[in-house]
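Open the model in your viewer and follow the stops below. Each one gives a selection and what to look for.

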Amino acid sequence: MRTDEFWQLIDSARSGGGEPDAIAARAVALLAARDPEEIIGYARHQQRVLTASYRVDLWGAAYLINGGASDDGFEYFRGWLMAQGREVFARAVAEPDSLADLPRVRSASLSGEEFECEDMLAVPWDAYRKATATELPTDRESPPVPDLNDFWDFDDADEARRRLPKLAALFVEPPQE
């Protein structure tokens, strides 16, 4: 499956509106209607998308927005991010601070809403099971995990302000004078 096809399927699932879990359910239905090889292609492409988004500053953004982000929490955040569509996803990977421009993220700074969607990560497995009544074949090798040696202390307010100024303005208490 090519990049455009991957994101077109997600856009088709998004066209029904609703929360990310509903988008994931529609993506499962759309993908399950395809040939099993296409579902495998979707799974491979999803893994490439997740690997490309495994970035320290994006993790820092998830941490600020959600009030913390474990390994699993960061995975689920990226599932939510995929459900936002290609443009939002690509912009957030390139510039995590751009998430502060999303109205829903801005309102979350007041409401405390958290953004996660584990179901989006399960789309290819659920679709394959629905289409074939068998489990999705997996590659024996784990995908490469990027080097995260440049981790910074996400709880360091000054560092957050330096690295993610727009998000820090929303989610980090203002400096005391």
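Leaving aside neighbours within four places in sequence, which residues is D97 in contact with? Select L164, P165, K166 and L167: these are the contacts of D97, with contact meaning heavy atoms within 4.5 Å.

A word on the model first. It is predicted, so local features need pLDDT of at least 70 and side-chain atom pairs count only at pLDDT 80 or more, while totals for chains, interfaces and linings use all residues. Residues are numbered from 1 along each chain as its sequence is written, and side-chain values use heavy atoms, with hydrogens and water left out.

Stay on D97. It sits in the loop between α6 (86-94) and α7 (103-111); helices here are DSSP runs (H or I, at least four residues), numbered from the N terminus. D97 is buried, at 7% relative accessible area (buried means under 20%, with a 1.4 Å probe and protein chains only).

Next, select helix α2 (residues 20-32) and helix α9 (residues 123-132). Their axes are 8 Å apart, at an angle of about 45°. Axes are lines fitted to C-alpha atoms over the stretch in contact, and angles run from 0 to 180 degrees between N-to-C directions. Show side chains at the contact: A24, A27, V28, A29, L31 and A32 from α2, against V123, P124, D126, A127, K130 and A131 from α9.

Last, select residues 1-129. UniProt lists this range for "domain: DUF4240", in an unreviewed entry; such annotations may be inferred rather than shown by experiment. The stretch is 74% helix and 0% strand, with its end C-alpha atoms 18 Å apart.

Definitions and conventions. Helix = DSSP H or I, 4+ residues; strand = E, 2+ residues; numbered from the N terminus. Buried < 20%, exposed > 50% of the residue type's maximum accessible area, 1.4 Å probe, protein only.
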